[in-house]
Amino acid sequence: MRVLAFRRRSALLVVIVALAAISVSGQSSATALSESFAEVAKRVAPAVVSIETKSRVAEALPDTPPSSGDDLLDYLRRQSRRPVYAVGSGFIIDKAGYIITNNHVVFETSKIKVRLDTGEEFPARIVGSDEETDLAVLKIDAGRELPAIAFGDSSAVRVGDWVLAIGSPFGLARTVTAGIISQTDRDTPTATVFQKFIQTDAAINRGNSGGPLVNLKGEVIGVNSQIATSTGDYNGVGFALPSREAESVYRQILQFGGVRRGYLGVALESARPEFFKVYGLNGVDGGAIVTEVRDSQSPAARAGMRVGDLITEVNGASVKTSVELINKIAATLPESEVRLGVLREKGEGFEKLIFSIRLGERPVTSRTGGENPDRTKILPNTKDSKPLGLTVESPPAAVAATFRNDLPRGVVVKEIDPNSFLADVKSANGTGPALLPGDIIIRVNRRDIATARDFYEITGALKKGDAVVMQVLVHSPAAARTILKFVQFTVQ
């Protein structure tokens, strides 16, 4: 009995020691993983940027302005296209200041501002973009080399691998979240044929768009692009465009200002097992059926391809689906020659044909090519018909009547260009714009304003760096009185 008791105590001791060892090992592994996260975040974060954009939307208003004073003032304030501000993320991929982000972050914006990890801000221009993959390349000029991160190999990622997502969700810069690779080669309802995503459960929210998804080596293996959500925010399902595609797009944009893709000029559909069975194509297990030859002058039409042709090979390599074929053709530069293996129905059977085709260039609905100043232009103060980005006129009679005896002179602000720096100047309490359509400007830099000509003459002579103080009258229907405010800014 004593021996048995001793053995039992010995066995219990062994179990306790083993559990302690496992606990220590688990703590050690967790500590090592935490250290890895911290080291990657420290290394990558300086190359991640916040991107603030300014665009504009038009508010639907009646065609005929109202006749009463207060309603007319409200109409004037609302008729100007309102600036809309948004935030996204990006990462520096080259020390010279080249930045990758999503195209939807900068699409149709009038101003782009990049904020570095240091807090510095720089205007950015669009080098080029690609709507098919939703990527864009920006350029900032910092006057020095910037911290940059490198692409990793997205084809090497495995389901279950740890990853970090870094960006500016809701404008919260330098936010780091961790998760795993949930799946690869994932389609989404809005994906194009050129988008096969890496799925992750690392938290991705609005504002993360364009930021990097990195592995534990600190390499970019994806560009955070989409989320699946029932609420509009994080639901544990995020999607990143693989670095393999992102790097290819980036290099083409640098070379061409956009992405050039090969083009056959046909519509395609993947052949299914039923097709091979019905047509007796034993031994054939894949291919793309031509369902339409879209243009008599397209590369495919000129080569003699027909509706019903089954394309099974590209340059000797088999293709299984229409998507695979499109990707192979698109990955080939226009003007290149490809050899297509085709099966064509002939009588009761099929004949094999080889077509040598010189590819055209895949058309796109729109593309930002080259430097495109119109999408990123920051308007300077120029002596044109709208100095400071303001359009003014003599107050209409209804507006003048609203101010009663408080309006001895002045011009009414009809429109404020959302692209102008003045549209960003805040009121004295910082709660809104300093100047609004419908406001009456009565003095500029201690000079009275009686006509629109007076205003344009004075403001047209201003130059960058000049200080400006405007005296402005605002009618308050709620208070039934006129309020004087001072709008103060420096010309930029």
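A residue is called buried when its relative accessible area is under 20%, exposed when it is over 50%, and partly exposed in between, using a 1.4 Å probe and protein chains only. Keep that in mind as you look at this predicted model, where local features need pLDDT of at least 70, side-chain atom pairs count only at pLDDT 80 or more, and totals for chains, interfaces and linings use all residues. Residues are numbered from 1 along each chain as its sequence is written, and side-chain values use heavy atoms, leaving out hydrogens and water.

**The whole chain**

Helices (H or I, at least four residues) and strands (E, at least two) are DSSP runs, numbered from the N terminus.

| Feature of the chain | Value |
|---|---|
| Helices | 10 helices |
| Strands | 27 strands |
| Buried share | 43% of the 492 residues |

**A look at helix α4**

Helix α4 covers residues 243-256, which is 14 residues. From first C-alpha to last, α4 reaches 19 Å, close to the 20 Å expected at 1.5 Å a residue; the expected span is 1.5 Å times one less than the number of residues. Which residues of α4 are buried? They are S243, A246, V249, Y250, Q252 and I253. An α-helix has 3.6 residues a turn, so residues three or four places apart point the same way. After α4 comes G257, with a positive phi near 85°.

**A look at D134**

You can find D134 in the loop between β6 (125-130) and β7 (135-139). D134 counts as buried because its relative accessibility is 13%. Leaving aside residues up to four places away in sequence, D134 touches T101, N102, N103, H104 and Q195, where contact means heavy atoms within 4.5 Å.
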